[in-house]
Amino acid sequence: FDHAGTRWDEGELYRCLVYGFENSQTNTRVPMTIVLSDIDRAGRSQAEAFRLVTDSIAGRVKGPRGETYPVLPGTRIIATANTMGTGDASGKCVSANVLDMSILDRIERKVRFHHMDWADEEKILRVKFPIFASKCGPLMPKVMAITAALRRAVDSEDLYGEFSHRSLCAWVGDCEDILQDYFPNVPEDLLKQGFFTFVDGLGDETTRRQAQTLASAHIPLLADRQPQKGPLRP
């Protein structure tokens, strides 16, 4: 709405679905691959729009006056989610919604993702945290062992929480921050200090103690450390 009145602008997602990529040199349209994040957090109206787009007969996009336009043939949609669309049984992703089974049925290929191989994850860590990698390379086997232990406990539901790649980066990132404070020295308890950026974020004392116990086989005296009092360190 402006001085000239009201109008409807085609959104970016609409253009990607209906027109694809327009190659001006060859005057052709190329269908696109579109990635939608956290589809299980879609609201009711968003889910209905997704259902129409992924219709098995002919995908369509609804326009401003209720008319529909065909999705460009060959368009692929990849959707990520924290659950498989049936809600969150664990209580760890409470904002995830239950999706209509007719919507789930329109998703032709479903893949459950697992944690990446450590060989790949370590390479990513070394790029993200070059100071830690250069000064603490020998500590990587301990980081790997603790990461594996925590993830096994989470997968078996012995530890209530998650130890994702984000969690791992928070731990190693905190270690790198500490390294910069102590430069050029490396504290003997560096991994122990940094690990509590993860432990202190767990929900209750029992869970915190479980995480400490799992890691204590690789970080000596870890279980002796008491939880911090007061607000979390930024």
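Are Tyr-14 and Tyr-19 buried or exposed? Both Tyr-14 and Tyr-19 are buried (under 20% relative accessible area, with exposed meaning over 50% and partly exposed in between, for a 1.4 Å probe and protein chains only).

1. The model is predicted, with local features requiring pLDDT of at least 70 and side-chain atom pairs counting only at pLDDT 80 or more, while totals for chains, interfaces and linings use all residues. Residues are numbered from 1 along each chain as its sequence is written, and side-chain values use heavy atoms, leaving out hydrogens and water.

2. The structure holds 8 aromatic pairs (rings of Phe, Tyr and Trp, the latter by its six-membered ring, with centres within 6.5 Å; planes under 30 degrees apart are stacked, over 60 edge-to-face and the rest tilted). One of them joins Tyr-14 and Tyr-19, edge-to-face at 6.2 Å centre to centre with 80° between the planes.

3. Phe-195 and Phe-196 have ring centres 6.3 Å apart and planes at 80°, so this pair is edge-to-face; Phe-195 and Phe-196 are both buried.

4. Helix H4 (residues 118-128) packs against helix H6 (residues 140-155) at an angle of about 125°, their axes being 12 Å apart (axes are lines fitted to C-alpha atoms over the stretch in contact, and angles run from 0 to 180 degrees between N-to-C directions; helices are DSSP runs of H or I, at least four residues, numbered from the N terminus).

Terms used. Helix = DSSP H or I, 4+ residues; strand = E, 2+ residues; numbered from the N terminus.
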